[in-house]
Amino acid sequence: MIESFAIVLGVALLAAAIVLLKHRFWPLGPDDEPREDVAEYISMMVGVLYALVLGLALVSVWDTHSSAEDHVATEASAAHQIHLLAAGLPAAQADRMRADIETYVRHVTDTEWPAMVRDASSDQAGWQMLDRVRGTVQVPVDAPPAQQATVQETLAQLSTLDEARRGRESDSGERLSPVIWFGLIVGGFLTVAFMFMFGVTRSFTHVVMVMGLSALITFTVLLIYQMDTPFSGLFAVDTGPFTRYFPGT
């Protein structure tokens, strides 16, 4: 990150030095006129480049948010399927597996979710609960074919649940790069600043345009900020899929 900021600052200082040298050694002559079209071109390029940074940031946070929703839905669905598949096992074993999966769901909704909202790392208790479910589902080698098929399907659902859980943990730690945040803040400032320096004459129309652009940039950056944390903020992914399948949790 520090290297990226140093490169950006170095390029900016180099450009400033070149401009100063040009005005020092090759100043405009009496017959030369300022080229307003150059200023307008620079202003346009800043706006286009900033739009690209905004688009990149929006796509990134949207993909992370959608991935979090998919992983939560898949994890809850797999837990529900395991709860249903317990009916194909012996009664005592089925009750134990239902209790284990319900305990896991309660742990996710009551313990892990608040930790993700606080941006805290998840513990290993959830994985240990899944290992307990995996141990419960074992049956003797001479078990009826129906029970063996139930075991195979349950193990497949456990594998799906494991993968979705890993994805959820990864999503909770995904954040925009500080370099992109730097581009969003500095680019927004430059885009608005150029509207004061070039183009429209200062008037009511100019004020309206600057206010509208400033409001739009601020809204977009705040939207990106809210979606950058998929499990907190205005657009947070909640425990709805789990509570829908397990209303008692």
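1. Let me start with the charged pairs: the structure holds 7 salt bridges, a salt bridge being a side-chain nitrogen of Lys or Arg within 4 Å of a carboxyl oxygen of Asp or Glu. Please keep in mind that this is a predicted model, in which local features need pLDDT of at least 70 and side-chain atom pairs count only at pLDDT 80 or more, while totals for chains, interfaces and linings use all residues. Residues are numbered from 1 along each chain as its sequence is written, and side-chain values use heavy atoms, with hydrogens and water left out.

2. On the overall fold, the protein chain has 8 helices and 0 strands, where helices (H or I, at least four residues) and strands (E, at least two) are DSSP runs numbered from the N terminus. Read from the N terminus, the order is α-α-α-α-α-α-α-α. Of the 249 residues, 34% are buried; buried means under 20% relative accessible area, exposed over 50%, and partly exposed in between, with a 1.4 Å probe and protein chains only. Contacts (heavy atoms within 4.5 Å) with a separation of 6 or more come to 78% from residues 24 or more positions apart.

3. The accessible surface of the protein chain is about 14900 Å², and carbon and sulfur atoms hold 66% of that surface. These areas come from the Shrake-Rupley method with a 1.4 Å probe; for residues, only the protein chains shown count as cover.

4. Back to the salt bridges, and to a pair worth a look in your viewer. Arginine 168 and glutamate 75 form a salt bridge whose closest N and O atoms are 2.7 Å apart. This pair links distant parts of the chain, with arginine 168 in helix H5 and glutamate 75 in helix H2 (residues 36-85), 93 residues apart. Both arginine 168 and glutamate 75 are buried. The two also belong to a network of salt bridges that links Glu75, Glu112, Arg165, Arg168 and Glu169.

5. Another salt bridge joins the side chains of aspartate 162 and arginine 134, at 2.6 Å from N to O. Here too distant parts of the chain are linked: aspartate 162 sits in helix H5 and arginine 134 in helix H4 (residues 125-136), 28 residues apart. Aspartate 162 is buried, at 10% relative accessible area, whereas arginine 134 is partly exposed at 25%.

6. Aspartate 95 and arginine 98 form a salt bridge with their closest N and O atoms 3.2 Å apart. Both residues lie in helix H3, 3 residues apart, about one turn of the helix. Aspartate 95 counts as partly exposed at 48% relative accessibility, and arginine 98 is partly exposed at 25%.

7. Helix H3 itself deserves a comment. Its 27 residues (91-117) should span 39 Å at 1.5 Å a residue, and the end C-alpha atoms are 38 Å apart, which agrees; the expected span is 1.5 Å times one less than the number of residues. H3 also bends by about 35° at valine 108, the bend being the angle between axes fitted to the seven residues ending there and the seven starting there. After H3 comes aspartate 119, with a positive phi near 65°.

8. Where does threonine 154 lie? It lies in helix H5 (residues 145-173), and it counts as buried because its relative accessibility is 0%. Beyond its neighbours within four places in sequence, threonine 154 is in contact with Ile82, Leu85, Met97 and Val137.

9. Turning to the rings, the structure holds 3 aromatic pairs. Rings of Phe, Tyr and Trp (its six-membered ring) pair if their centres lie within 6.5 Å, and planes under 30 degrees apart count as stacked, over 60 as edge-to-face and the rest as tilted. Tryptophan 113 and phenylalanine 242 have ring centres 6.1 Å apart and planes at 75°, so the pair is edge-to-face. The pair links distant parts of the chain, tryptophan 113 in helix H3 and phenylalanine 242 in helix H8 (residues 240-245), 129 residues apart. Tryptophan 113 is buried at 6% relative accessibility, as is phenylalanine 242 at 0%. Trp113, Phe231 and Phe242 form one aromatic cluster.
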